Each structure stands twice: as structure tokens, then as C-alpha cells.
Amino acid sequence: MNKEKLSLADISKREKKPLVHLESQDLMPLPAPFDDPARTPDWRPLSAQVKEKYECFLDDTCAVSVPQPKSREEEEALVAKFLSGLEKLFSRENNWTFLQPLLLTMDYCAKCQTCAEACHVFEGSGRNELYRPTYRSEILRRLYFKYVQRGGLLSAWQHGDIELNWPLVARLIELSYRCNICRRCAQTCPIGADNGLVAHELRKLFSQEMGIAAKELHDSGSMLQLKVGSSTGMNAEAVKDNIAFIDEDISEKTGIEVKTPWDVEGADILLIHNAGEILAWPENPGAFALIFNAAGLSWTMSSEIAGYDSINYGVWYDDAQFARVAIKHAEAARKLKVKKIVLGECGHAHKALTVIADRVLTGDLNIPRESCMPLLRDIVMSGRLKLDPARNNFPVTLHDPCNLVRLMGVVEPQREIVRKICPQFREMEPHGVDNYCCGGGSGFAIMSPHNFSDWRFQVAGRKKVEQVLNAFRECLDPSIPKYLCAPCSNCKGQFRDMLAYYDLWEQHRILYGGLVELIVNAMTDVKPGFIEWEWR
Amino acid sequence: MTTTLLLYSFIYLAALVCLFGCAVQAIRYARLPLHLRWELYPVPHEEASRLKHGGSYLEETDWWKKPRPFNLVGELKSMLPEMLFQKALREFNRPMWLRSFPFHFGLYLLIGSTGLLAGTAVISLSSPQLVSGLIGTILHFAYTAGGLAGAVLAVAGAVALLIRRLTDKELKIYTTPGDIFNLVFFIVTFSCLFTGYLLRPQGAPKAVELVQGLVTFNTRLAFPLPLAVGLVLGALLAAYIPLTHMSHFIGKFFTYHFVRWDDAPSLRGSSLEKKIAEYLTYRPRWAAPHVGANGARTWADIAMTNPAQGGRK
């Protein structure tokens, strides 16, 4: 279907055909070397088997893999379930957590489309109507006025009508997973409506009422974390073993003895990493341990369930799961009687535990929580570490994780650090609270079902690829190693996969990594070359 | 005489409906439970040094031990340009702002002029000497010019918005018949008021007499039909606005102050924490098995249950 012809009514089409098809030449143009669309990687089509089995009639991909109902009765039952969830979404007892901002967004959107200009998914897709922030919201709004407010003809005349059927619900499930919930759109809305919240609330409805969520977020995400302690599958013993190995490796590599303290009662700080770091980027928790020890901090890690994995995927799709994991984090801190929790380099964990859980954790679970960024800034600026910026004399740019920056206001500490220790630091444009999402936000970084990763690199991550290429535009030559600092595990996951997808390491020597690695790399007490210029 | 009385009654009734409708909306939103924190930066009441880059008090270590001064100047500097000049729209959607700003500024002028006119009329009833002579002339000029300029700007803006809604492909998809009606309603109402007032025959009541008549229920005044139609439409419009999303001036207060800029931390033992404790006693009914809600268990019970380990943990 031609994107110009897409209307709101199309969402209810019974035809088992995607509403839109994306062609490389329709997407937002990229700068050199991708200015020729033929140079971008090919998009893998969905297999016939997948199309046969799952509801994938939205676009060219499939994120949630909802099985196709076998009968009209089954469809009707699912629609009835959706309707009952819709009612709950707008009720105080069921959804006190977000009712006020959701109602405000439903009631007052002026449909001026200012939000669309701010959305990297919409822009990246070449302004495809399906990905316009208001497309999803307007469908929910019409359903809200029709079925929750019980609006009749007059309401349909005022707010617009929509036909509710299973194809609409199935497509809406998928469409709720085409938004990074970076809330850049909300930041520009003159009224203050929040289309990112709409995606969040839809996911919540599907999860909490219909039991439908992306497998990576629920089954192998929050459920696994609540079962064994970490969505990586590591139990306490495994994580301790891994950290012991990391300590050994970092000690050898840096020439400084590193030992991570475990379960130290009464320590000042409980440090919680995204456990993905431990497996995928062990130098990151290793660098943290080295810095904290060198700075003489009183700190510990916890082997309590979820106490060693800061991830909280519930923040993207399910309030109950979110609260459960946040409570587990707080319980780990309470048990150790620490003075505060410090979050490692993970954006969504920052936002989830520091800010959103602020109105879930009460009484003795309300333990102070803070970002690692100001703490690292204070350490670096205090002179407690001997640092030589010349060791970081290569082009560096800084990615702003949305959760940390736009949604939490932690903007400068990380900049103060890179400005001090990276002589060739340059900003992406725009940056800070106006940044663009990496395209992996809201769980996408860990989601690759079928060909979904093609969508997240070609569409969701497109704007970020443009920003990275522009930041390094004068030094793209592969003889110059370049460092993309992304102080967030999920962003790093997205960059790892996306830089590989566009071959930016092989062709242009753009490496990604965290912030603490740059600090340790600049420490004069450490053997030179902590950052290894090799792909991982 | 009866017609005039009906007109007065209608205007009063519409004003009451408008006020009541706005109050109901504001109260409805104010009574909703406190939501989870969902702020967006920059938050303009942050300290000036942090506000310039959009930072928050979370940029400090041990932030809970440090004062968090409220930057009223910062908030006013953000609010006033937004309220008066639609700063966000100007910055992020210039084509729309070029149409929306005249419309809204025209409305402000009309509302301001009506207020000035009402004040003048009421004072002239009790202390006419206060609004006579040069002051009276200035006031007359101010509310007349303000009102007429406001009507012209509002109509021009509404026409421009209407044309854009009808011709822009991207807006058309989201435009309902109600949206078209709303803009046409504004255009017709203000056009009627404008022409009805300017073309009123000699001897017809002036604006100030109209308000005085309204205040004193002076039924001896006779209004020419075009002006009376404009007044009826104006009254209807005022009553209609709170029933639509055009009352976004109410919503905007909440979206900005209660969502986007609500960065209040829940400190241990605070009143905010007590409110949350109340919400944790709510009993949801979400149906997915992993939630474990049945209408009897509280939000706190559910949050303390580990579905992966089959019970309370």
C-alpha cells in the first residue's frame, strides 16, 4: 500500500496484508557513505511460515509474534478482552500509576502534528504515516471516546469514529512496539500531550489484561529476572564466578589488583550493574571496581535475587512487573543496610529505580538512589585519580541515553568527565535533552525476532546513524580510531548491532563503549591501552 | 423587551455553563491520583546553573541531603512566553504557529478587552466620575480597538487554520467534522460580533451600555439583530468550549505543572509518601495471570508477589 494513502480506518482492514511496505529509497537519506540507498544493507523479508503463523499485517516486520486466532469466535474473545483492558486503563483502581497523564493526552491533543517533526522513527521512515506518533494515539483516542466514554454519534462527529475488530487489535499490538518511548515528541508538544506514554499504556493493556508482551521483555526478561535474579539467566553463584573472573582479568590487564566486594553489610554504596555488562562488556564492571577502589569508596555488590541486575524491563510494558523488580532492588539494599544505591551505566535502570519507582517504594524500602554519573564526576574532578588525557587522544563523541538525560536531567556530569579526559571530544547534534534515541529504546535493543532488527537499524536507529556519521565526518578515514561513548547497556547493545549492520567498524573504525572505560584508559597508574581497539 | 431579557438570560446562562464546565474539568483532573513520576527535562524551576543545560537535582551526589531551591523566575520565563506567544509551537512547528498565534492572540485581546469593558461598565454605574473625561476616552479606545483587533486576528487565524486543516494532507487524516465545525463556529461568531457592532445603526446601544444593561437587567435596551445574533453565538461558543478539547488551557496547566515539571521526590515520611501508601491499597482487576489481581488483593500485595516463584516472597 502506498504510504500516502494510509488512513486511520485502514487499521481495521480485514485483508491479511501489511498496511505499509518500506523501500530503502523511501527512507530518510543518510550521509556518505550511505548516500546511495543501494549501499545500505538489504532488508530480510519475513518468511512465509511466519506470515502464516503470526499476526504480522502491520508493516514488513513482526515484533511480538502474536499467533493468529483459529476462528472468528477466538477473535471475538480477544477483542472482548481488549475492551475490558481498555476500561481498566482508564480507571483509578487499575491504573492510578499513569491515569492523569493518559487522560490529559486523550482529552487535549490538538492534532497539530508538532510531535511528528520530533520523532526519529517517523523521520527515519521517510515520514511514513504509520509511524507518525499521532497515528497510534488517535486510534486509542477514538476507541476511548467510543467505548470508555460511551460516546454516540455526536462523539463520533467530534472525535472521529473507528471500527473495532481483531485486525485492529492485532495491528495495535505490533504498533505499540514501533515506538522507542524516548518521549522526544512529548517534549515538543505545545499542549503537553504524550504520545510516547500512549505506546507505554497500550503495551501495558496488552500485557496486564491479555498476557501479550514481547517475549524478550516478559518471558526472558522480567519473569526470568524474578525467577533466577537476572534476565541474563545468571544466578548468584554464576554472577559471582563471572565477576571473580573479571576481577582477575582486569587486575592482569591494568596492573592494579581489583577485587569486587560482595554482600558487605553497612557499606555506603550498593552498586547495581545491568548484568548484561558482566557477560557482554566485562571491562565495564571491571573498570567500575577499579575506579571505586582507587577512589577509596565503601561499596558492595549484592548477590540477592535481582540485586546484581539493575534491569527493569517492566518499565516499558507492565506496571506490576516493574514494581516487583524495583522492590527486589530496594530489598537487596535494605538487607545490606547500605546508605544508598548507585546505578551503573544503564539508562532505563536509572530512570526506573531512581525516578519512576520513587512513587512505589515507601517506608524502609525508600532507600536513596542515585546515578553513577555525578559520583564518577566527583571522583574525576576531585583529583583522586591520576589522569592523562593524552591517553584518550582520539575522536570521541557522547551518546545521550534518553532515560538518563531527557527523562532524568542527568546531562552534565558525564560531559564534564569527557571534556576533562578526551581532548578530541565532539558533541553530536542535537545533544543533551534534545538528543535522539539510539533506536534501541523501550526494549528494542534486546529484541530481534524474525527480521525485527532490520527495522530497528533501518528505521528506528537511522537518525542515530546519521548523527554518528556527522559527528565523525572529518575523520571517517579508517586509519583514525574513533570512540562512541554510550553510557548505557541497552544503547551499547543497539550500537554493537547497528555499527556491525552498517559495517562502521570495519569500514570506518568506529568503536563503541562506556564511560568508565575512558576513565580507566586515562589513568596513569594503569598499564596503557585499557581500551582495546578490536570489535566485540 | 422580552427579547432583551431573553438575551441577557442566555448570556448569563452560557457564562455559567462555561465556568461550571471549566471548573468541573479542573476539579476532575485535580482529584485524579498522583501518578508515577514522568517528568521531562528541562524542568524550568530547576536551579539556573542546571536549567541552562536542562539538568536536574539528580546531577548531584547525595541529592536528597541538599536543598532544592524552587526557581520561580525560571518557571515564569518558561511559562509566560508559552502562554502569551506559544513558544513551543513557534520553535517546533512554525507553519502552524503562523496561523495559530494570530488566532490565540486575537482571543487574548478579545478576552482582555471584554474584561476591560466589563470593568469600565461596572465602575461607571457606581462611580461614573472615575471613568469619565480623558480616562473614559482612553478606556473606550482601548477596549474598542482591542476587541476589534482581537476579532480580526482571531477570524484571520481561524480561517488560516481551517484552510490548512482542509488542504494539508498530513492534517486531513486526523481532522474530524467536529474540528471543522469548531473553527467555522469561531469564524462565524467573531465575524457576526465584529460586523454587528461596527454596522449597528445610530442609537443602538454601545458596548459599555450593553454591559451595563446586562448588569442592571435594563430591558429597555434594544439590540439590532446582527449584533444580537453575534452575542448569542458568542454565548453559545463560550458554553461549548469546555465540552471540547478547545479547553486545553485547563489541560495545559496540568500537563505542564503536574506531569512534565513534576519532579517532586518522595522522601521518607513525606506527605507524598503517605498518598502513595493510600494508592497501594487500591485493588486492581487486571486479568493476565502473571499479574495475580482478583479485585481482593491490593496493589501492594501484587507488587510484593513474585509470579516466577509462585507466591509472596
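Predicted model: local features only at pLDDT ≥ 70, side-chain atom pairs only at ≥ 80, totals over all residues.
Let's start with the interface. Chain B puts in 70 residues, and chain A puts in 77 residues. Where does the side of chain B that touches chain A come from? Six helices of chain B each give two or more residues: helix 4 (87-92), helix 7 (169-172), helix 8 (177-198), helix 11 (248-260), helix 12 (271-279) and helix 13 (299-303). Helix 11 of chain B gives the most, with nine residues. By residue class, the side of chain B that touches chain A has 41 nonpolar, 19 polar and ten charged residues.

Now chain A by itself. Its divisions are domain 1 (3-210), domain 2 (218-376) and domain 3 (383-522). Take domain 1 and domain 2 of chain A. Their C-alpha centres are 34 Å apart. Domain 1 of chain A brings seven residues to their contact, and domain 2 of chain A brings six. On the domain 1 side, that is one nonpolar, four polar and two charged.

Last, a helix pair in chain A. Helix 12 covers residues 218-228, and helix 16 covers residues 319-336. Their axes come within 11 Å and cross at roughly 35°. The crossing of helix 12 and helix 16 of chain A is left-handed. Which residues meet there? From helix 12 of chain A, they are Ser222(A), Gln225(A) and Leu226(A). Helix 16 of chain A answers with Gln321(A), Arg324(A) and Val325(A). This helix contact divides into two nonpolar, three polar and one charged residue.

That's the tour. Questions welcome.

How values were computed. Residues numbered from 1 in each chain as written. Chains lettered and ligands numbered in written order. Contact = placed C-beta atoms within 7 Å. Helix = DSSP H or I, 4+ residues; strand = E, 2+ residues; numbered from the N terminus. Nonpolar A, V, L, I, M, F, W, Y, C, P; charged D, E, K, R; others polar. Domains from an automatic or database assignment. Axes fitted to C-alpha atoms, helices over the stretch in contact; angles between N-to-C directions. Left-handed = near helix turned anticlockwise from the far one by under 90°.
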